[in-house]
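Reader: Before we look, could you take me through the features one at a time, with the general idea ahead of the particular case?

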Amino acid sequence: SPDASAVAAEEGVARSQACNGVAASSAEYHLLDLATVPRSVWTVNSSVHDWHACCSATASTAGFPPASLGKLAPCALWIQVERCIFYPVYFLSFSFLPFMLPVMPLSRIFLGFPRVRHIVGMCVLQVLL
């Protein structure tokens with residue numbers, strides 16, 4: 001029932017006593033860096049207290065101090081390389097090639113460019129991606 005879930009949520013909040021020294025009830029804002037959350041918390045069975053314990057900082061209604069949120073979590077090199085490859089390939093395969101392949105033969109008829117080998121190359125690239 002909805003009342004039981006609301007009571008359970010209130011109990012979970014009541015169980016979270018503190019988040020890095022600031023009482024959860026007095027904290028208006030919580031800073032949660034998802035890159036640092038352990039795998040054990042990413043479950044259905046985790047409580048609100050588990051998530052509050054992962055907070056790296058809290059702030060009152062005045063908010064966080066200036067320039068305190070400008071820190072990024074470290075990112076592995078293999079993830080950066082994968083993103084540098086993935087986004088251009090995604091752009092080519094879903095945004096550029098599906099619209100350019102029908103336009104290229106028309107521009108060949110009226111402008112003389114692109115050459116047939118360019119059109120074939122784009123078709124092969126679309127099939128490979």
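Author: Let us begin with a helix pair: the crossing of helix 3 and helix 4 is left-handed, a term that applies if the near helix is turned anticlockwise from the far one by less than a right angle, right-handed being the clockwise case. Helices here are DSSP runs of H or I with at least four residues, and strands are runs of E with at least two, numbered from the N terminus. This is a predicted model, in which local features need pLDDT of at least 70 and side-chain atom pairs count only at pLDDT 80 or more, while totals for chains, interfaces and linings use all residues. Residues are numbered from 1 along each chain as its sequence is written, and side-chain values use heavy atoms, with hydrogens and water left out.

Reader: At what angle do helix 3 and helix 4 pack, and how far apart are their axes?

Author: Axes are lines fitted to C-alpha atoms, for helices over the stretch in contact, and angles run from 0 to 180 degrees between N-to-C directions. Helix 3 (residues 77-111) and helix 4 (residues 116-128) pack at about 155°, with axes 10 Å apart. Helix 3 is therefore roughly antiparallel to helix 4, since angles over 145 degrees count as such, under 35 as roughly parallel, 65 to 115 as roughly perpendicular and the rest as oblique.

Reader: Which residues of helix 3 and helix 4 make the contact?

Author: With contact meaning heavy atoms within 4.5 Å, the residues include Leu92, Phe96 and Arg108 of helix 3 and Ile119, Met122 and Cys123 of helix 4.

Reader: How many disulfides does a search of the whole structure find?

Author: A disulfide is a covalent bond between the sulfur atoms of two cysteines, and the criterion is a pair of cysteine sulfur atoms within 2.5 Å. The search finds zero disulfides; for Cys54, the closest cysteine sulfur, in Cys55, is 7.4 Å away, too far for a bond.

Reader: Is Cys54 buried or exposed?

Author: Buried means under 20% relative accessible area, exposed over 50%, and partly exposed in between, using a 1.4 Å probe and protein chains only. Cys54 is buried, at 16%, whereas Cys123 counts as partly exposed, at 36%.

Reader: Which residue has a positive phi although it is not a glycine?

Author: Most residues other than glycine have a negative phi. Ala67 has a positive phi of about 65°; Ala67 lies in the loop between strand 4 (57-59) and helix 3 and counts as exposed, at 82% relative accessibility.
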